[in-house]
Amino acid sequence: MSEHHKETFLTKYVFSLDHKMIAKQFLITGMFMGVIGMLMSILFRLQLSNPGESFAVLEFFLGEKWAPGGILDPNIYLALVTMHGTILVFWVLTAGLTGTFANFLIPLQIGARDMASGFMNMLSYWFFFAATIVLLYSLFVESGPAAAGWTIYPPLSALPQAIPGSGLGQDLWLIAITLFVVSSLLGGLNYIVTILNMRTKGMTMSRLPLTIWALLIVAILGVLSFPVLLSCALLLIFDRSFGTSFYLSDIIINGEALHNTGGSPILFEHLFWFLGHPEVYIILLPALGIVSEVISVNSRKPIFGYKAMVGALIVIAFLSFIVWGHHMFITGMDPFLGSVFTFTTLLIAIPSAVKVFNYLATLWRANIRFTPAMLFAIGFVSTFITGGLTGLILGDSALDINVHDTYFVVGHFHIVMGVSAIYGMLAGVYHWFPKMYGRMMNKKLGYLHFWVTFISAYGVFFPMHFLGLAGLPRRYYTNSAFPMFDGLSDINEVITFFAIIGGLVQLLFIFNFFYSIFKGTKATENPWGSNTLEWTTPVERIHGNWPGEIPTVERWAYDYSKPGADQDFVPQNVPLKEGESEH
Amino acid sequence: MSILVGLIILLSVIVLVQILRVNELISEVKDQDANEITDKDNNVQGILTFAIFGVLFLGFVLWQFKYWGVHILPPASSLHGAKIDTLMNFTLGVILIVFFLTQPILAWFSLKYRGRKNSVAYFYPHNNKLEVIWTVVPTLILTPLIIYGLNVWNDITSTDTGNSKVIELYAKQFNWTARYAGEDNTLGKANYKLVEGLNVLGVDMEDTTAQDDIVTREVHLVVGESVLLKMRSQDVIHSAFLPHFRVQMNCVPGMTTQFGFTPTQTTAEMKEQEGEDFEFVLLCNKICGAAHYNMKMKFIVETQEEYDAWMASQETLKNTLTLN
């Protein structure tokens with residue numbers, strides 16, 4: 001009963017209501033932004049390893065004004081750092097990751113023809129698109145894009161006199177993020193409603209694939225926390241444009257005493273991190289969901305401890321709302337409050353450890369099929385362990401005193417949420433590509449992509465811990481002003497070397513992606529031998545997903561290598577055999 | 001130049017496409033699916049995973065500790081700093097043990113359980129006992145970490161600073177100014193509206209406690225004597241970071257923050273250990289604008305006599321403002 005109305009180019013590819021097309025729109029926009037964000041990081045890495053040296057590539061991308069003589073301007077260095085963070089956190093790892101996989105997988109895996117509201121879903125993408133245009137436009141304004149760090153702490157972000165990026169660039173940043181929040185809320189509400197109300201017959205909550213559990217929890221986190229970011233941004237807009245003093249007090253800037261008194265920049269930090277910390281898990285949980293699915297399918301084994309996996313997701317999500325203060329240990333907050341946040345923060349290690357051990361137990365006595373997706377999933381487990389462990393240092397208020405805002409933090413969060421989430425996203429793309437485009441991605445290029453990425457990602461981010469433990473602050477244009485950091489230049493060179501290699505190899509992935517869309521070998525309906533419902537849809541990818549009736553769900557998603565079964569997987573729509581117990 | 005680069009990129013894409021076509025055609029001739037995962041793939045990738053995750057990566061980690069380990073934690077020069085370092089070493093130890101237990105398991109399982117067409121995985125959906133174990137064990141490891149950490153934190157933040165020498169750190173784009181509280185050890189009141197001319201900190205000279213305050217451009221401390229740093233900022237958020245003393249606290253416009261500590265080594269002693277170039281420095285560690293990376297002030301720890309001699313050469317605020 002799919003809707004056979006006539007599709008024009010415009011309704012099929014642009015203003016599409018089909019969740020699968022919207023997912024691809026999010027994915028390709030996210031990839032585009034990913035390339036820009038990554039390029040920025042390579043540009044500022046050049047400055048960090050070779051401070052003050054001239055590079056033709058800097059002048060090529062930034063022009064005579066921002067990189068005079070090929071040397072990066074300090075204000076533009078900060079702008080690049082800010083935009084790199086903004087783009088990667090929000091555009092790539094929030095919209096690019098959740099937008100892609102929530103849209104693509106929710107209806108397909110729960111057995112629905114589309115999202116609850118296709119129109120809201122389309123709006124969600126177009127708000128995101130508008131946000132993207134505004135953000136990209138801010139790269140071209142006279143005073144440069146926002147430059148107060150991705151966390152845009154006022155007063156720096158509030159006063160154009162403090163840094164040029166806090167002029168028009170910051171206004172555009174705030175508008176972009178407002179549009180982004182609207183997009184994210186439209187999407188999130190839709191995901192929640194769809195998952196709760198539109199599951200096919202037999203798809204009880206306890207039979208949901210872990211991807212869907214993760215996406216449901218992420219949507220709830222987003223709906224509860226993004227409005228706080230919006231209010232946080234709105235108050236900043238008021239302070240910037242309408243003379244209010246929510247965040248400003250007792251300021252002299254450029255010799256001028258401002259009238260604002262009574263505000264508090266710390267209020268901003270509380271509001272910001274009330275979103276900001278859940279945001280970390282908004283980025284991470286979809287990756288955890290995808291990785292659970294990919295590891296189970298390619299281990300040819302049920303995911304170990306399904307209920308514990310769901311429970312761990314819920315506990316992590318709950319805790320993520322009461323740990324935001326660990327970003328603020330040294331703002332002068334009450335030490336007792338610091339203790340509370342230390343306690344809640346370190347608790348997150350428990351559900352995280354459960355997840356890691358369950359992944360390891362899934363791999364135990366498996367029959368691992370090394371697809372590129374599986375390699376990225378195993379890579380995720382490795383980075384999740386590495387990055388998670390260093391969190392034990394940062395979450396401890398006493399230890400944080402000395403590593404707060406140093407490269408230790410940069411190393412930690414890039415590994416645990418940056419690299420891990422990117423691995424999750426890439427695992428998802430390689431795994432579901434056949435369902436997205438009806439073709440396979442080239443496996444050899446996939447292998448090459450993974451190995452170079454894996455080596456360079458650790459090559460970039462592991463050494464940063466040493467910089468941080470040496471006391472090197474992040475967001476420094478150069479560390480040459482302090483003789484105590486002179487010994488660190490070889491570490492910086494290693495990091496930049498791997499950053500360039502790691503960046504270049506992503507082009508190979510993009511090539512593989514687009515090549516395979518048009519020229520890849522044709523996929524079959526269920527190339528990985530998967531149990532979930534999306535693999536029961538035809539290769540042709542029709543609007544409405546199933547040509548006939550929606551399948552009924554008879555079992556959970558993880559009957560792999562079940563004794564007594566005819567093959568090493570039993571799709572969810574296959575009824576239990578006589579005498580067969582449900583796992 | 002740009003045309004040449006464009007041409008090279010175009011050529012490499014064409015070459016890549018051709019390689020892939022050839023690869024696929026060969027598979028077609030051999031009647032194989034070019035992208036199916038074969039036993040050979042599983043073998044190669046399983047071995048690679050073990051070699052790169054388990055040997056290369058872990059080897060790289062050890063290599064870094066060997067060659068870059070010297071950079072970890074510049075010597076602590078304060079009473080509480082030593083406590084932080086012990087906690088840090090303990091935590092790092094726990095982390096490294098867990099790291100070197102779990103990462104090799106991941107690499108080993110990937111190799112050991114690499115797939116073969118004819119073998120079947122072991123159906124093992126859950127085991128409550130195991131799951132309880134790996135919930136309880138991390139909890140048991142975490143408990144001492146949390147308790148120990150909170151103890152140190154409590155020690156640092158609840159130190160009695162009643163008798164400490166009070167010094168103000170005043171941050172602005174892009175430099176630091178210090179103010180000693182003088183004989184009465186009480187800082188005079190200040191208001192940003194009073195910042196004018198030589199009164200760079202906006203000190204209220206009507207306030208009797210302000211008269212003996214002393215404004216300086218570097219900070220001298222007496223070894224073994226506790227100090228209480230009080231931080232203010234004039235414009236944006238800065239952060240006072242003294243890595244050797246294990247001190248860091250944000251400087252926030254509109255409010256005063258503080259951090260108390262006791263230096264345990266003089267600059268002269270540190271120079272002996274670390275080389276002639278050694279200085280204690282104050283850095284800014286909160287993004288504050290273009291010259292953020294260059295916002296610093298020298299700290300000098302010395303004996304009481306040296307300190308007294310230096311202090312005697314400083315002008316009180318009253319003298320600075322009235323005599324000039």
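1. Start with the second largest pocket. Its volume is about 980 Å³. Of the 25 residues that line this pocket, the closest to its centre are Phe61(A), Leu504(A), Leu507(A), Val5(B) and Ile9(B). Bear in mind that this is a predicted model.

2. Which elements supply the lining? Helix H2 (19-49), helix H3 (56-66) and H16 of chain A each give at least two residues, and so does helix H1 (2-29) of chain B. The lining of the second largest pocket divides into 21 nonpolar residues, four polar and no charged.

3. Next, the charged pairs. The structure holds 21 salt bridges over all chains. In one of them, Asp41(B) meets Lys443(A), with N to O at 2.6 Å. Asp41(B) sits in helix H2 (residues 39-68) of chain B and Lys443(A) in helix H15 (residues 443-469) of chain A, so this pair joins two chains.

4. Chain A has a salt-bridge network. Arg555(A), Asp559(A), Lys562(A) and Glu580(A) are linked in it. Lys562(A) bridges to Asp559(A) at 3.5 Å, N to O. Lys562(A) also forms a salt bridge with Glu580(A), where the closest N and O atoms are 2.9 Å apart.

5. Lys562(A) and Asp559(A) are both buried. For Lys562(A) the relative accessible area is 8%. Glu580(A) is partly exposed, at 22%.

6. Chain B carries an open sheet. Five strands run in the order E4-E10-E9-E6-E7, with mixed pairing. Strand E4 (219-222) and strand E7 (247-251) of chain B stand at the edges with a single partner strand each, so one side of each has no neighbour in the sheet. The twist averages 20° from one strand to the next.

7. Inside that sheet, how do E6 and E9 of chain B pair? Strand E6 (residues 238-242) and strand E9 (residues 280-284) of chain B are antiparallel, over two bridges. Phe241(B) stands opposite Leu283(B) in E9(B).

8. One joins Pro154(A) and Pro155(A), with omega about 0°. Pro155(A) is in the loop between helix H5 (118-137) and helix H6 (168-197) of chain A. Another runs from Gln173(B) to Phe174(B), with omega near -5°. Phe174(B) belongs to the loop between strand E1 (165-172) and strand E2 (175-180) of chain B.

9. Two residues other than glycine have positive phi. Asn254(A) has phi near 55°. Its place is the loop between strand E1 (252-253) and strand E2 (256-257) of chain A. At 64% relative accessibility, Asn254(A) counts as exposed.

10. The other case is Leu73(B), with phi near 50°. Leu73(B) lies in the loop between H2 and helix H3 (79-112) of chain B. Leu73(B) is buried, with a relative accessible area of 13%.

Key. Residues numbered from 1 in each chain as written. Chains lettered and ligands numbered in written order. Predicted model: local features only at pLDDT ≥ 70, side-chain atom pairs only at ≥ 80, totals over all residues. Heavy atoms only, no water. Salt bridge = Lys/Arg side-chain N within 4 Å of Asp/Glu carboxyl O. Helix = DSSP H or I, 4+ residues; strand = E, 2+ residues; numbered from the N terminus. Buried < 20%, exposed > 50% of the residue type's maximum accessible area, 1.4 Å probe, protein only. 1 Å grid on protein atoms, 1.4 Å probe; cavity = no way out; pocket = protein on both sides within 12 Å on 5 of 7 lines; lining within 4 Å. Points joined across faces, edges and corners; volume = space filled by probe spheres on them. Nonpolar A, V, L, I, M, F, W, Y, C, P; charged D, E, K, R; others polar. Pairing = 2+ DSSP bridges. Axes fitted to C-alpha atoms, helices over the stretch in contact; angles between N-to-C directions.
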